[in-house]
Amino acid sequence: LEDLQGAAKGLMRLQDVYCLQVSSLVRGQFQRVAGSQSVDVHLPAVSVQLSGDDCFLVGKVAYDQEDYYHSVHWLEESVRLFRRSGSKWSPENEGTLHDALDHLAFSHFKLRRSVVATRDKQVTAEYRISKSAWLKGSAQSAVSRLDQRISMLTGLNVQHPHGEYLQVVNYGIGGHYEPHFDHATSPSSPVFKLKTGNRVATVMIYLSSVEAGGSTAFIYANFSVPVMKNAAIFWWNLHRNGRGDPDTLHAGCPVLIGDKWVANKWIHEYGQEFLRRCSLNPEE
């Protein structure tokens, strides 16, 4: 059930971020409306079509979350596909044409009331965005060798606790990370639990490529880095005076097609005193 809900929310996230037509998603295509025409966002090598029951399940996830904007879109497709199939029911189906019509009618009713009541106020949705694990390296392990390479490239002390253990993250369908800073912006942040100061620098390694989407976007700096296997990004989170750099605000864009794997290495302030010295200018 959790995987189903995660997949359904991922589809809805892709629908919103890339302005995709639900009707094209159902056909296994990625299109958006531009004027009066449908424009291809991406052409997948293989297209897998969804059934009326698939659309009903996605719509029902939105319905159960009281997200009637999305439930209407997906339930309308469900009704269309159920009718096209002659309303034939399969033992594997979770829903029927009658179920889809019931949920659709109530969604339309609730959606009209919701828009009037909230005056289009935006509500933040809770999405499961990724899965992660922390890897500790032994003396001769691949993780330890990777730490050595990171240290050679950056000139910094990355050994624990001056650097956090390597974090490996997987972003599946629609997986993303909302805009955030890697460094702590509050004294109560768990980043300070290591007692080695704030996160002074980040090394992010792309462990896989994706067919579409998934770029790392730096919002204020106004650029993005596409996902390319074995590529790495390095940036300083803090100025030399210890203040956070606002240009490091970044986000992981939703994965449109593919399976995105990254490894993060966060390096802390303590242990770098003679490796990245303070400037004579207190503003730097």
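Reply: Asparagine 230 sits in the loop that runs between strand S9 (223-225) and strand S10 (232-236), where helices (H or I, at least four residues) and strands (E, at least two) are DSSP runs numbered from the N terminus. The model is a predicted one, in which local features need pLDDT of at least 70 and side-chain atom pairs count only at pLDDT 80 or more, while totals for chains, interfaces and linings use all residues. Residues are numbered from 1 along each chain as its sequence is written, and side-chain values use heavy atoms, with hydrogens and water left out.

The backbone of asparagine 230 has a phi near 75°, a positive value in a residue other than glycine. Asparagine 230 counts as exposed because its relative accessibility is 63%, the classes being buried for under 20% relative accessible area, exposed for over 50% and partly exposed in between (1.4 Å probe, protein chains only).

Lysine 195 also has a positive phi, of about 60°, although it is not a glycine. This lysine is found in the loop between S5 and strand S6 (199-206), and at 67% relative accessibility lysine 195 counts as exposed. A backbone feature of another kind is the cis peptide bond from histidine 160 to proline 161, with omega near 10°; proline 161 belongs to the loop between helix H6 (142-154) and strand S4 (166-171).

Strand S5 (residues 177-180) contains histidine 180, which is buried because its relative accessible area is 15%. A polar atom of its side chain lies 2.8 Å from the backbone oxygen of glutamate 178, and the side chain of histidine 180 makes a polar contact of 3.4 Å with the side chain of aspartate 182. A polar contact is a pair of N or O atoms within 3.5 Å; within protein, one must be able to donate a hydrogen and the other to accept it, and residues adjacent in sequence count only if both atoms are side-chain atoms. Neighbours within four places in sequence aside, histidine 180 is in contact (heavy atoms within 4.5 Å) with Thr248, Leu249 and His250.

At the scale of the whole protein, there is a division into domain 1 (1-114) and domain 2 (128-268), bounds that come from an automatic or database domain assignment. The centres of domain 1 and domain 2, taken over C-alpha atoms, are 34 Å apart, and 17 residues of domain 1 are in contact with 16 residues of domain 2. About 1200 Å² is buried between domain 1 and domain 2, with carbon and sulfur atoms giving 63%; buried area is the accessible area (1.4 Å probe) that two parts lose on being put together, summed over both. Three residue pairs are in polar contact between domain 1 and domain 2, both residues at pLDDT 80 or more. On the side of domain 1 that touches domain 2, helix H1 (2-17) and strand S2 (37-42) each supply at least two residues, and H1 gives the most, with nine residues.

Strand S2 also holds aspartate 40, which counts as partly exposed because its relative accessibility is 40%. Leaving aside neighbours within four places in sequence, aspartate 40 is in contact with Phe30 and Gln31, and a polar contact of 2.9 Å joins the side chains of aspartate 40 and glutamine 31.
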